[in-house]
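The following exercises treat a single protein chain. Each task is followed by a solution in steps.

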Amino acid sequence: MNFNLILGIAAIAYAIYTAVMRARKPEAFGKLEAMRKQWGRSAGTTIHVIAYTVVPFIVGVVLIASA
């Protein structure tokens, strides 16, 4: 198997994992609470979602497409 394909699948799996865990148990993410304290609840959550869910998902899709 191609390394890009494996890495892309792993990135998408990580994005899905963080989305599910954030919905079920947000206190499990220490960085989420730190971001909420730093930038406020709404902005901190938005930054966390972009950094730990959206970006890995996009990277995963790009890697799979290039495989």
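**Exercise 1.** Determine which residues Thr53 is in contact with, leaving aside its neighbours within four places in sequence.

*Solution.* Step 1: with contact taken as heavy atoms within 4.5 Å, Thr53 touches Ala15, Thr18, Ala19, Arg22 and His48, once neighbours within four places in sequence are left aside. The model is predicted, so local features need pLDDT of at least 70 and side-chain atom pairs count only at pLDDT 80 or more, whereas totals for chains, interfaces and linings use all residues. Residues are numbered from 1 along each chain as its sequence is written, and side-chain values use heavy atoms, with hydrogens and water left out.

Step 1: Thr53 belongs to helix α3; helices (H or I, at least four residues) and strands (E, at least two) are DSSP runs, numbered from the N terminus.

Step 2: the side chains of Thr53 and Arg22 form a polar contact at 2.4 Å. Such a contact is a pair of N or O atoms within 3.5 Å; within protein, one must be able to donate a hydrogen and the other to accept it, and residues adjacent in sequence count only if both atoms are side-chain atoms.

Step 3: Thr53 has a relative accessible area of 14% and is therefore buried (buried is under 20%, exposed over 50%, partly exposed in between, with a 1.4 Å probe and protein chains only).

**Exercise 2.** Describe how α1 and α3 are packed.

*Solution.* Step 1: two packed helices are described by the angle between their axes and the distance between the axes. Axes are lines fitted to C-alpha atoms, for helices over the stretch in contact, and angles run from 0 to 180 degrees between N-to-C directions.

Step 1: the axes of α1 (residues 3-24) and α3 (residues 41-66) come within 7 Å, crossing at roughly 155 degrees. The two helices are therefore roughly antiparallel (angles under 35 degrees count as roughly parallel, over 145 as roughly antiparallel, 65 to 115 as roughly perpendicular and the rest as oblique).

Step 2: the crossing of α1 and α3 is left-handed, meaning that the near helix is turned anticlockwise from the far one by less than a right angle; clockwise would be right-handed.

Step 3: by class, the contact of α1 with α3 comprises 15 nonpolar, 7 polar and 1 charged residues. Here Ala, Val, Leu, Ile, Met, Phe, Trp, Tyr, Cys and Pro count as nonpolar, Asp, Glu, Lys and Arg as charged, and the others, Gly among them, as polar.

**Exercise 3.** Carry out the analysis for α2 and α3.

*Solution.* Step 1: α2 (residues 30-39) packs against α3 at an angle of about 135 degrees, the axes being 7 Å apart. This angle makes α2 oblique to α3.

Step 1: α2 and α3 cross in a right-handed sense. On the α2 side, the contact is made by Lys31, Leu32, Met35, Arg36 and Trp39; the residues from α3 include Arg41, Ile47 and Tyr52.

Step 2: the residues of this contact divide into 6 nonpolar, 3 polar and 3 charged.

**Exercise 4.** Summarise the chain as a whole.

*Solution.* Step 1: the secondary structure comes to 3 helices and 0 strands. Step 2: the C-alpha trace spans about 40 × 20 × 15 Å along its principal axes. Step 3: of the 67 residues, 25% count as buried.
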